[in-house]
Amino acid sequence: MKILYFTATGNSLYVAKRMGGEYYSIPKLIKEGKYDFEDEKIGIVFPIYYSGVPQIVEKFLNKVKLKSNYIFGIGTYGMYAGAATRHLLEIGERNGITFSYINEIVMIDNYLPGFDMNKELEKEPKKKIEDNLREIAKDIGEAKKYIKKHSFIADGLRVLNEKYFYNQHFEKNFTVKSSCNGCKTCEKVCPVDNIEVQNQPVFKNNCQQCLACVHNCPQRAISVKKEKSEARFVNQNITLKEIIVANN
Ligand SMILES: Cc1cc2nc3c(=O)[nH]c(=O)nc-3n(C[C@H](O)[C@H](O)[C@H](O)COP(=O)(O)O)c2cc1C
């Protein structure tokens with residue numbers, strides 16, 4: 001089994017690892033120009049952005065050639081999955097990818113302009129992440145056929161979200177504190193090489209809004225506009241090194 005994943009703060013990488021099999025980072029595959037995959041089972045694991053599939057994942061799926069009798073998708077999210085499963089199905093249909101299984105799993109919400117990370121961590125036990133992960137892993141193990149359904153209304157909202165949130169220069173929302181020591185972690189965790197550290201990070205204009213730079217900064221020196229806490233989040237089962245390897 002091959003799993004193709006995208007992650008900024010480790011949730012989706014953790015899910016990919018928990019499914020078993022080999023796992024490959026989508027940003028890295030894009031950088032290396034690798035788009036052909038064949039296996040008995042192939043999975044796509046990604047964080048849900050603005051109720052849908054992140055643009056970087058969609059861009060990858062527009063090019064990829066998958067040969068498998070069982071293709072599955074799993075979206076990780078924090079509060080509201082919106083129409084992400086429908087969006088993935090639609091991207092698949094446009095690109096000749098037939099999904100047998102699409103599901104979503106609630107985890108910690110890393111969207112700092114919306115949530116205080118300390119409060120998010122307090123909610124973790126109620127989300128029953130491990131139980132849900134076991135269920136999904138069992139489904140994949142048994143090659144279960146299932147597509148999580150969302151309403152047309154949720155899809156309409158997703159399209160509006162996409163127009164609103166992606167139509168802006170997000171890089172203007174970052175500020176860097178004097179505690180930055182120029183360690184370049186932000187540069188290395190950025191999935192699209194959008195950050196260049198001279199003395200301090202300089203943000204270019206291809207930001208995917210993933211917040212990997214903000215959450216993974218060892219100095220907590222990067223802030224994003226309207227952030228709800230100084231606390232940051234990275235999945236406890238994933239190391240900074242793994243995120244660097246995935247996105248560098
Ligand atoms: C730009 C952005 C948009 C997001 N939009 C949503 C959303 O619409 N609904 C939701 O529940 N979580 C949303 N989230 C939270 C992430 O989907 C969630 O924390 C995910 O598990 C992060 O995965 P990762 O750790 O692999 O990056 C968003 C996060 C970011 C950075």
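Seven bridges join strand E4 to E6, and the two strands run parallel. This is a predicted model, so to speak a computed view throughout. Select residues 41-47 to display E4. Seven of its seven residues are buried, so E4 is largely enclosed by the rest of the structure.

Show the side chains of E4 next. Lys41, Gly43, Val45 and Pro47 point one way, while Ile42, Ile44 and Phe46 point the other way. Both sets are buried.

On E6, select Phe72, which stands opposite Gly43. Then select residues 2-5, strand E1, which runs parallel to E4 and is joined to it by four bridges. Within this pairing, Leu4 has Ile44 of E4 as its bridge partner.

Turn to the ligand. The residues that surround it number 27, and the closest are Thr9, Asn11, Ser12, Pro47 and Tyr77. Helix H1 (11-18) and strand E6 (70-77) are the elements that give two or more residues to this shell. By class, the shell has 14 nonpolar, twelve polar and one charged residues.

Colour the two domains, 2-164 and 170-247. Where does the ligand lie relative to domain 1 and domain 2? Both domains give residues to the shell, so the ligand lies between them.

Finish on H1. Six of the eight residues in this helix are buried, which leaves H1 mostly covered. The buried ones are Asn11, Ser12, Leu13, Tyr14, Val15 and Ala16. Just after H1, select Gly20, where phi is positive at about 85°.

Conventions:
Residues numbered from 1 in each chain as written. Predicted model: local features only at pLDDT ≥ 70, side-chain atom pairs only at ≥ 80, totals over all residues. Near = placed C-beta within 6 Å. Nonpolar A, V, L, I, M, F, W, Y, C, P; charged D, E, K, R; others polar. Domains from an automatic or database assignment. Buried ≥ 20, exposed ≤ 12 C-beta atoms within 10 Å, placed from the backbone. Pairing = 2+ DSSP bridges.
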